[in-house]
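Here is a short report on one protein model. It covers salt bridges, strand pairing and helix packing.

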Amino acid sequence: MSMATQKIDWRIVASGDSCLVVEIRTAPAAGRIDPVLASQWAGAAATALRQAGLPGVTDVVPAMVSVGVHYRPQALQSLALPGESSYQAAARVVAALLEPLEWQEAQAARVVEVPVCYGGEHGPDLASVAAACGLSPQGLIDLHAGAQVRVLMMGFAPGLPYIGSFDTRLAVPRRPQPRMAVPGGSIGLANRQSVIYPFTLPGGWSLIGRTPMQLFDPNRDPACLLQAGDGLRFVPISAATFGALAGAR
């Protein structure tokens, strides 16, 4: 089923006493929703909720297949109907805003090119991952760098993007044993997606390359180099070019 014909379905669930989550699903017969489609809908829903300016809402956070809405319960009590809790009032108002949401799949507003030095010390898992995929190392690089993909969401650390979706041949699982320290700029691959570690972090993705770009800088505006919804293309570079670019940063 193409992305254009997939049905967007969602539900609202509580997450603690001051947050609700809009979870994106598909109709039972439709199967698993495409993460690119889901992340675009989540972004559109988050924009609509922010623009509504609901009283008591402190943050709206889109993820890959969900949107978190953080709120102050007492402030939302002014919207409650007789007998409603703050959560029930919040869920009712959010649902009313999202049910008529008009949305269609759109092209990325910008495309960011990310230079990557594949293999060697910067991509220690390249050869083993390529073999697991039934590819040569160069074949894996060609697939990874040959497609324009999307930043699906910003992840568990500041500036960390989840990127996809790649060719089905790149559907390798995560490593059985995570690394305790992955260098900043490392490109991880798992399940047809990539992440870029913004600084040294623990991580369980297979490392196939590294970029000299600085993904997160609290002194920069915006601090995150990439944003959810960006188009992205990886560009192979040599180790010498990596060193020159890293040194000039």
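Is Arg-110 buried, partly exposed or exposed? Arg-110 is partly exposed, with a relative accessible area of 38%. Buried means under 20% relative accessible area, exposed means over 50%, and partly exposed lies in between (1.4 Å probe, protein chains only).

## Basis

This is a predicted model: local features need pLDDT of at least 70, side-chain atom pairs count only at pLDDT 80 or more, and totals for chains, interfaces and linings use all residues. Residues are numbered from 1 along each chain as its sequence is written, and side-chain values use heavy atoms, with hydrogens and water left out.

## Salt bridges

The whole structure holds seven salt bridges. The criterion is a side-chain nitrogen of Lys or Arg within 4 Å of a carboxyl oxygen of Asp or Glu.

Arg-110 pairs with Asp-230, with the closest N and O atoms 2.7 Å apart. Asp-230 lies in the loop between strands E12 (206–210) and E13 (231–236), and Arg-110 in the loop between H3 and strand E5 (111–118), so the pair ties together parts 120 residues apart in sequence. Helices (H or I, at least four residues) and strands (E, at least two) are DSSP runs, numbered from the N terminus. Asp-230 is buried, at 7% relative accessibility.

Arg-179 and Asp-125 form a salt bridge at 2.8 Å, N to O. Arg-179 sits in strand E8 (residues 179–182) and Asp-125 in the loop between E5 and helix H4 (126–132), 54 residues apart. Asp-125 is buried, at 6%. Asp-167 and Arg-169 also pair, at 2.9 Å, N to O. Asp-167 is partly exposed at 28%, and Arg-169 is partly exposed at 46%. Shared partners join Asp-125, Arg-175 and Arg-179 into one network.

## Strand E4

Strand E4 (residues 66–71) has five of its six residues buried. Strand E2 (residues 19–25) pairs with E4 in the antiparallel sense over five bridges; pairing requires at least two DSSP bridges between two strands. Leu-20 has Val-69 of E4 as its bridge partner.

Strand E3 (residues 57–62) and E4 also run antiparallel, joined by five bridges. Asp-59 stands opposite His-70 of E4. A hairpin of three residues joins E3 to E4.

## Helix packing

The axes of H1 (residues 35–52) and H3 (residues 86–98) come within 10 Å and cross at roughly 115°. Axes are lines fitted to C-alpha atoms over the stretch in contact, and angles run from 0 to 180 degrees between N-to-C directions.

H1 contributes Trp-41, Ala-45, Leu-49 and Ala-52 to the contact, and H3 contributes Val-94, Leu-97 and Leu-98. Contact means heavy atoms within 4.5 Å.
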